[in-house]
Amino acid sequence: MAGPASTPDLPISGSRHQHSTGIYTSWNGRKRRYTPYTKTPKSRKLKGKHLEKRVSSESQEADDIPLKKFVNKTWYVYQVTPLYRFKQDKASLKRYSRHLSSYLQSEAQKGIGVGGIEDDLGARALFQILPGLVDETGNAEGIEITVSQKENGRNGNKVTLTAILSSVGCRELTEMEGLPNDFERFPVLLAKGLVAPMRQTIVWLESQFDCRIRRMSFNPMLLSWMVAMWTGLYSEPMLKPVELRYTVPATLQGLSYITMTIQQEDACKLWKSIHNGDTEEVLNEEVAEFLQALETHFFHHFKIHLSAMTLNRIATPLAFVGKEGRLKILMTKGVRTVLYHLTELSLENTGLTA
Amino acid sequence: MSQSTSGKKKRTQQEAESHQDANLDEQIDYFTSENSNKKNRNHVELSLALSKVESVAKEQGLTSEQLITLLDVSASGKFPVSTSSKLIKCLLPSRYIPEEAAIKCTSWICSGTPARELQVFLLKWMVLTFELLGRSEKLHALYGVIFNFIENDSLCPHACHLLYKLTRKDDVLPFRVNRLLKLQKKVGSQSYIIGLLSLYKVYQPHLVVLSVPASKRIFFRVIERNWMVEIRKARERSLPEEGRTGATLHTVNQNTGVTQISKKRKRDVIPSAVTAAVTGERLTDLSLVGSQLSSIPSEQIKSFEELLNSVDRLELPGQIASVLKSVVLQHAVACYQEDQISQRLGFWLYETLHEEILDQPFSSNKARGERCLKLVINFTEFLQEGIPACENFLVRYLHTWNGSDYRPYILRLISRFRLYDFPKLNDLILEPLRKLFFCSSVFCKCQMIHTFTMMLKNFVTVEIPRYQAERGKGEGSQTSSEGDKFNISMFTISQEEFDFYGTVEKFIQFVDKLITVAVMAESDHALLFHYLLTFYELVSELRCKYNTPFVCIPSAGIVYRALLSSNCVQISRMCNIVCSYRREFSSWKEASKTADVWQGTRDLIAPFNQYILDFSNILWRNKAFKKDQVVHEPFLSVIPSEVIDRTKVDGPNDGLSVLRHIALVGYAYQFLKETQPKNKKLHPNLIQPKNRDLYLEFLQRHRLEGVLAFINTYIKRTSTKR
């Protein structure tokens with residue numbers, strides 16, 4: 001059994017509590033209100049319903065089709081700093097496509113130069129605006145990059161990489177701050193495909209638009225936020241269950257992880273008892289309470305303190321998220337919700353929202 | 001061949017040198033004259049003439065006319081190939097090669113008159129002697145002609161090399177790129193084509209995409225070693241006279257072409273300075289290709305002179321972070337003062353430091369992170385201000401820092417931290433450091449105190465003047481000329497107003513508390529004392545040197561521990577510090593009449609006078625434990641007299657005087673040994689009051705000038721009375 005090794009009375013892991021205390025000892029010993037210069041926010045807006053409403057007012061059916069691209073695929077999530085001098089117009093995108101194609105080609109056969117205007121390339125990259133991800137003002141919120149490779153012996157091309165730059169919610173989240181005109185924000189990059197073109201495409205983007213692209217990872221705190229926020233978002237029948245997977249400390253042999261699965265309705269009921277459904281704002285305390293309730297429940301049955309383990313993967317009806325930055329969105333109408341949240345996290349991580 | 005040359009060299013030297021020129025011209029005439037024997041290569045006259053020309057050329061070089069004459073002779077195919085090639089190798093100038101020669105050479109190659117082998121020789125000669133060309137404007141006009149040579153298999157490598165040296169931005173045209181690419185398809189991946197293409201890529205990155213494999217980083221190989229040596233000698237001959245104009249520029253270019261960056265790792269942390277292909281400025285003005293004012297890619301800038309010449313049309317690298325590697329480009333970036341530049345750098349820095357350091361807390365390979373931090377530190381020191389993105393990173397990192405990873409670097413960065421309102425500074429930096437301070441070793445504590453000293457220095461020398469300048473700028477424009485001096489900030493940071501002197505004062509108090517405890521915890525560790533005394537040596541000069549409106553004094557815990565320490569250096573330095581406070585307080589008093597200083601300092605005068613009284617009572621007046629009639633309680637009088645009696649110390653009141661203080665008694669002994677007759681039993685009391693001045697001077701000679709300074713400053717009159 002896993003439990004006994006851990007300390008018996010530890011209701012919830014320290015890290016989650018740390019941020020909610022708010023009082024802290026200052027240098028001269030007096031108690032002082034904690035001034036939040038660096039910490040993660042104590043509450044987040046729950047964007048799902050709001051976004052859904054807006055989409056449904058338009059022709060939802062037509063809108064959903066392109067968004068199907070996102071669903072039921074496993075993506076790697078990257079965070080991207082603002083792109084310098086990135087342009088969205090067709091001519092620019094065409095130029096980017098051509099240059100990235102040449103670049104991939106030159107990487108494939110080192111030492112052979114590739115002209116910027118040639119046609120017979122082995123690898124072909126394509127930049128295009130993703131239909132379906134457009135904000136209120138008509139600006140594109142998604143750019144899709146596909147890299148395809150000519151297959152030997154066959155006529156068709158094989159797609160080796162799909163990458164999507166997304167800026168869903170970015171305008172809203174960064175309204176307050178000015179960034180010089182030359183920057184374009186696409187804080188999130190979702191990518192799936194072969195390793196080599198993925199790496200090369202990232203290097204190319206970094207070198208052309210002077211940005212940094214870094215794999216996002218989600219610590220247990222962020223994962224528990226996602227579980228709490230996305231569990232009660234939709235209440236329809238036949239939704240996928242909520243699942244939490246914890247890894248066990250390495251000192252324990254023979255047991256690598258513990259998975260806890262809860263029916264969606266039950267989890268939803270629990271969340272609604274904690275969270276006030278009228279408001280969009282989710283509080284840090286609510287998230288902590290939700291997780292604590294689930295973990296207490298688990299302890300009641302199995303006598304295992306999940307809080308002593310590390311949460312490393314979650315599943316909600318909306319999406320699967322893994323600690324190492326893997327993501328699988330399960331519902332078309334949840335795409336924007338997930339992307340919005342990722343944008344938020346990326347902006348926090350890149351130090352752009354203070 | 002070289003052996004025989006040296007033999008001949010000696011012989012020629014022995015001959016009358018005055019005849020040489022005339023002699024040489026005669027020999028050259030032999031080559032030019034119509035009726036000389038052209039076919040027989042063993043002909044005596046021919047070989048004599050050849051050896052003469054060779055030796056003179058290698059010794060002192062040929063004049064321009066001689067050079068051109070011989071070039072014509074060798075290229076005209078009058079003599080057999082072996083002779084002509086020997087002649088070409090002799091074409092070494094006495095100072096520099098006239099451009100006309102290079103042009104003639106080109107036209108000879110075009111004419112097809114010389115044999116194929118000779119054409120290669122001629123082209124090689126042009127490549128090798130390129131740095132000796134006086135100027136290359138006209139030769140550059142023949143760029144298109146030379147470009148055609150690449151079609152010839154045997155000429156191609158050398159043509160590429162020559163083009164590499166000649167190419168300017170406006171030479172890089174799409175059709176040339178295409179021809180090179182086509183050629184590459186035909187002959188495969190050849191290093192010389194890669195070399196030329198990679199230069200084209202530098203100038204016009206959107207025209208050609210190329211990734212250079214590590215094995216082909218050396219584009220042009222030098223084959224003719226001996227020839228190369230001769231040419232290098234010729235260059236040495238001409239360089240000192242020529243000065244540095246022109247020639248250095250070419251050599252620098254050559255170096256970068258031939259010895260590319262060594263293959264350190266798969267991918268360097270810092271990107272290299274390459275212009276971005278799809279975002280570069282040139283896309284906006286494609287029509288301007290060929291104009292004189294085309295921009296210069298930053299890869300081409302290698303020296304400060306080059307930067308100065310092209311600072312107005314420099315094209316910054318696509319990844320701005322690459323300036324971290326180049327001191328020259330740092331100057332450019334710092335003087336542009338554009339928001340986007342600092343933003344781009346900021347984004348990059350934050351992400352990279354996060355990735356290399358924060359995300360890998362357990363990695364054993366710290367080399368990448370260290371390299372990164374070193375470059376950031378260099379840049380910070382260059383700018384003399386903290387980089388905001390880097391500060392954000394530091395703040396985040398300090399929350400999880402274990403106090404040992406990258407310690408020297410992290411502390412260096414902290415010492416350049418910006419000045420903020422104290423609560424903020426405390427939360428961001430001081431509180432995390434305080435936590436680490438008390439659970440780390442004494443050496444780490446020393447490093448941290450040193451960091452605090454550097455921080456304070458940075459505050460008073462750089463940060464406060466900058467804030468004052470900014471504030472002055474906001475109020476009126478009169479101070480702008482003075483403000484410009486300090487307002488060289490690369491970053492625009494909106495800061496709410498705060499009392500920066502207040503922050504500094506609180507900062508000093510914070511450090512004071514920290515070190516008071518540390519000294520106790522480490523039981524007066526000598527090294528620790530050194531660092532805290534250094535800190536106070538700075539604090540005790542703030543008013544006089546940096547014009548602070550207040551004076552800060554060390555707390556009693558530190559002052560008395562130094563006074564009673566068993567280390568003479570600590571006493572002396574503390575005495576010195578106490579002395580400099582006299583200047584501080586009098587300066588403050590002077591200023592307080594005009595009332596632009598803080599009145600709070602007045603409260604410090606009484607405790608400070610107490611320090612002085614105690615120092616003089618203990619060290620000089622032998623009243624250590626006596627109750628004095630002066631207002632305050634003497635420091636040591638708290639000890640009841642019974643306790644002192646019980647110690648049975650002989651003369652407790654002078655037990656801590658300069659003569660008998662545990663830290664100084666050794667010096668007293670040494671002093672007596674030098675002054676008293678041998679075999680006399682020595683006791684500190686032997687130093688008579690009249691000799692005390694001698695003793696103090698003795699101490700001063702042993703670098704303990706603080707004691708003397710203290711007595712001179714505060715109790716000089718009494719000592720003269722005695």
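Guide: Gladly! A residue is called buried if 20 or more other C-beta atoms, placed from the backbone, lie within 10 Å of its own, exposed if 12 or fewer do, and partly exposed in between. By that count, 39% of the 722 residues of chain B are buried. This is a predicted model, in which local features need pLDDT of at least 70 and side-chain atom pairs count only at pLDDT 80 or more, while totals for chains, interfaces and linings use all residues. Residues are numbered from 1 along each chain as its sequence is written, while chains are lettered from A and ligands numbered from 1 in the order in which they are written.

Chain B has 34 helices and three strands, which are DSSP runs numbered from the N terminus (helices: H or I, at least four residues; strands: E, at least two). Let us visit helix 32 of chain B, residues 692-701, where Tyr695(B), Leu696(B) and Leu699(B) are buried. These residues lie on the same side of helix 32 of chain B because they cover an arc of only 100° around the axis, taking the directions from the helix axis to the C-beta atoms. An α-helix has 3.6 residues a turn, so residues three or four places apart point the same way.

The buried residues of helix 32 of chain B pack against helix 31 (665-675) and helix 33 (705-714) of chain B; contact here means C-beta atoms, placed from the backbone, within 7 Å. Just after helix 32 of chain B, Arg703(B) has a positive phi of about 70°.

Definitions and conventions. Two residues are in contact if their C-beta atoms, placed from the backbone, lie within 7 Å.
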